[in-house]
Structure formats: C-alpha cells, structure tokens
Amino acid sequence: MTHTILVTGGTGTLGRHVVDRLTAAGHSVRVLSRTRPPYIGDLTTGAGLAEAVEGVRTIVHLASDPFKRGADVEAARRLIAAAPGGTHLVYVSIVGVDRHPYSYYRTKHEVEGMIERSGLPYTILRATQFHDLIRYGARMLARLPVMFVPAGTSFQPIEAEDVAERLAELAVGEPAGRVPDLGGPEVLGAAEIARIYLRATGRRRPVLPVPIPGRVFAAFRGGVHMVPGRRDGRVTFEKFLAAAGERPGYSVVDR
C-alpha cells in the first residue's frame, strides 16, 4: 500500500536518504525545502505550506535550524497548524534532549512536547549524533596545530542512512508515540575520535584533551546524549570516514 508523504528538510543530510528510501519503496513523496530545489514551501514564513500538506497521510518532520533562536519551535507550530486532522506526524529528535541543558537540545524537547499535545497521531524517534556531524567537528578542530578535544567526553555516532531506514519504516507504519532510541554501533572517546579522523585523513597532530567547564559539557561528560544499551547502527566511524570522500558535505541547517 502506497502513501503520500511530505518530508520537511528533505534535501538535508538525513532527509535526502529518507526521501530516497520512501521513493524506492514506491511511495509518493513531496519534499519541502526552501534552500534547494525542489522548492515547494517555507516553514519560516508558511508560504506554500497549505499546498504542501494537502492530501498527505504522513509528514516526516526533519527540517531544523540550530542557529536561529526559536526557528524550530515556530516551524513546528506552523506545521502542526497546517497538518490535516489525522495526519501521522513523524519527528526525529536527539537522545537525551529531556536531560541536557544545551539550548538546541532543549528546543528539540520543546518541539517533542508540542507534537505530543497537538492531537495528531505521532511517532517520535530520538537518535545519537550522526557521523557527518562528528566528522564536521573533527575537521574544525584539526585546523589548529594541536587538536584540542573535550576531556572525559564520549560520543556514539550513527550513520545517517541507518536513521533514515528506521524513519522510512516508521513513516509507513502506524503511529507509535515515542519509540526506542537509536544508537550508533560504538561509544568513542573524543580523543579516540580525533585520532581516527587524523589517521583517515593522513594528518599528524598532537591530540590534547582539555577540561571544559559549564553545565553543557558536564552533561556531555555524563553521557546523557548516548544510549549504550542500544547499538543499532551498522557502520563504524572509521568505516564511515573510509567512504566519506564520496559524500556531499555536511549541512548543519536542514530546512
């Protein structure tokens, strides 16, 4: 049975994989994006949104802007208001958003609450950080002669395609509320991530862990952004980097 599905942020790091999987399965997919073709709407203004949601059975909401204060909340408010009654709303969030003080994580948690209170049938999936994001961070840190990394901090990166596979399954299934978190196949310390990145890119840098004060990094050191009991991803960070030369660049903003 095919569905008409709207994917917001469907040209982003995660969204393009979700769109590819749904299309390959024979579903009719609309992509809502204001930054790249095919443009059909803008969540920041509401332009084209009514037309985008018309006749859809499911909306997979992936669009996000971590740098513009209030943008994700306002986008979710517009989307919820525009969604036809009974539309299945699938939302991707981040592991630990209910316990982490980082402002972007708190915003993701606020959007979760909006969806839960919306009256729409919904499914919420939380995942750990994407390999693409971890690689982006490592690349920025490697610009200096010494690669400084946060001491006592680990990550559990996951392949975006693994998350996309799960989201595509959820999009064509029945609304399930909050589903089990999705975690990467390994937990890696920040210094280990740096060394893996340096080896993969043929660089030499001293790696120096440094303590970073504050509540945000205390939460990262506490591991609230990970779910080590669930190692669902199939691609390690090292394997991801080996194939990364063929990939598009990471986009922090998917809109």
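A salt bridge here means a side-chain nitrogen of Lys or Arg within 4 Å of a carboxyl oxygen of Asp or Glu. Keep in mind that you're looking at a predicted model.

Start by selecting Arg166 and Glu169. Their side chains meet in a salt bridge, at 3.4 Å from N to O. Both sit in helix H6 (residues 160-171), 3 residues apart, or about one turn of the helix. Show the surface and you'll find Arg166 partly exposed at 26% relative accessible area, with Glu169 also partly exposed, at 43%.

Arg78 is partly exposed at 27%, and Glu74 is partly exposed at 30%.

Now jump to Asp181 and Arg178, whose side chains meet in a salt bridge at 3.0 Å, N to O. Asp181 counts as buried because its relative accessibility is 14%, under the 20% cut-off. Arg178 is partly exposed, at 39%. The whole structure holds 9 salt bridges.

Last, pick Pro145, in the loop between helix H5 (131-141) and strand S6 (147-150). Pro145 is exposed, with a relative accessible area of 65%. What is Pro145 in contact with, leaving aside neighbours within four places in sequence? Select Arg205 and Pro206 to see those contacts. For a distance check, draw a line from Pro145 to Gly222: their C-alpha atoms are separated by 29 Å, and the two are 77 residues apart along the chain.

Methods: Residues are numbered from 1 along each chain as its sequence is written. This is a predicted model: local features need pLDDT of at least 70, side-chain atom pairs count only at pLDDT 80 or more; totals for chains, interfaces and linings use all residues. Side-chain values use heavy atoms; hydrogens and water are left out. Helices (H or I, at least four residues) and strands (E, at least two) are DSSP runs, numbered from the N terminus. Buried means under 20% relative accessible area, exposed over 50%, partly exposed in between (1.4 Å probe, protein chains only). Contact means heavy atoms within 4.5 Å.
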